[in-house]
Amino acid sequence: VGMNASYLSVLFKKEVGISISEFIHREKVEEAKNLMTFTNHSLSEISTILNFHDQSHFTRVFKKISGVTPKQFYMNKFGDT
């Protein structure tokens, strides 16, 4: 966008109310929920698709944003099937 990254970050937080990284994490968690709901991808595959460092990082971010782990989300949505 042709501006200093720090300045862009400040503007983004001022406009949106959260940091760019928090925004990206929230969007990734929403996409993870969609992938869990509408595809047969494993949690490991979803973690890779969404470009998390590893599945552990994915789980930590998911729980921080949604309040439950990805597995708990899946179990709440679909039960033991």
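Analyst: Rings of Phe, Tyr and Trp (its six-membered ring) pair if their centres lie within 6.5 Å; planes under 30 degrees apart count as stacked, over 60 as edge-to-face and the rest as tilted. This is a predicted model, in which local features need pLDDT of at least 70 and side-chain atom pairs count only at pLDDT 80 or more, while totals for chains, interfaces and linings use all residues. Residues are numbered from 1 along each chain as its sequence is written, and side-chain values use heavy atoms, with hydrogens and water left out.

User: Which residues form one aromatic cluster?

Analyst: A pair of aromatic rings is described by the distance of the centres and the angle of the planes. Rings that pair by the ring-centre cut-off of 6.5 Å are the basis here. The cluster consists of F52, F58, F62 and F73.

User: How many aromatic pairs does the structure hold, and what is the angle between the planes of F12 and F23?

Analyst: The structure holds five aromatic pairs. In one of them, F12 and F23 are edge-to-face, with 5.5 Å centre to centre and 70° between the planes. This pair links distant parts of the chain, F12 in helix 1 and F23 in helix 2, 11 residues apart; helices (H or I, at least four residues) and strands (E, at least two) are DSSP runs, numbered from the N terminus. The angle asked for is 70°.

User: Are F12 and F23 buried or partly exposed?

Analyst: Buried means under 20% relative accessible area, exposed over 50%, and partly exposed in between (1.4 Å probe, protein chains only). F12 has 21% relative accessibility, and F23 has 33%. Each value lies in the middle class, so F12 counts as partly exposed, and F23 is likewise partly exposed.

User: What is the geometry of the pair F52 and F58?

Analyst: F52 is buried at 7% relative accessibility, and F58 is buried at 1%. Their rings are 5.1 Å apart centre to centre, with 55° between the planes.

User: Which residues does M36 touch, not counting residues up to four places away in sequence?

Analyst: M36 belongs to the largest nonpolar core. Contact means heavy atoms within 4.5 Å. With residues up to four places away in sequence left out, M36 touches L43, I46, F62, P70, F73, Y74 and F78.

User: Which residues are linked in a network of salt bridges?

Analyst: A salt bridge is a side-chain nitrogen of Lys or Arg within 4 Å of a carboxyl oxygen of Asp or Glu. R26 bridges to E22 with the closest N and O atoms 3.3 Å apart, both lying in helix 2 (residues 20-38), four residues apart. K64 also forms a salt bridge with E22, at 3.8 Å, and this pair links distant parts of the chain, K64 in helix 4 (residues 55-66) and E22 in helix 2, 42 residues apart. The network is made of E22, R26 and K64.

User: What is the distance between the closest N and O atoms of E30 and K33?

Analyst: The structure holds three salt bridges, one of them between E30 and K33. Because E30 and K33 are three residues apart in helix 2, about one helical turn separates them. E30 is partly exposed at 41%. The closest N and O atoms are apart by 3.5 Å.

Terms used:
Core = buried A, V, L, I, M, F, W, Y, C linked by side-chain atoms within 4.5 Å.
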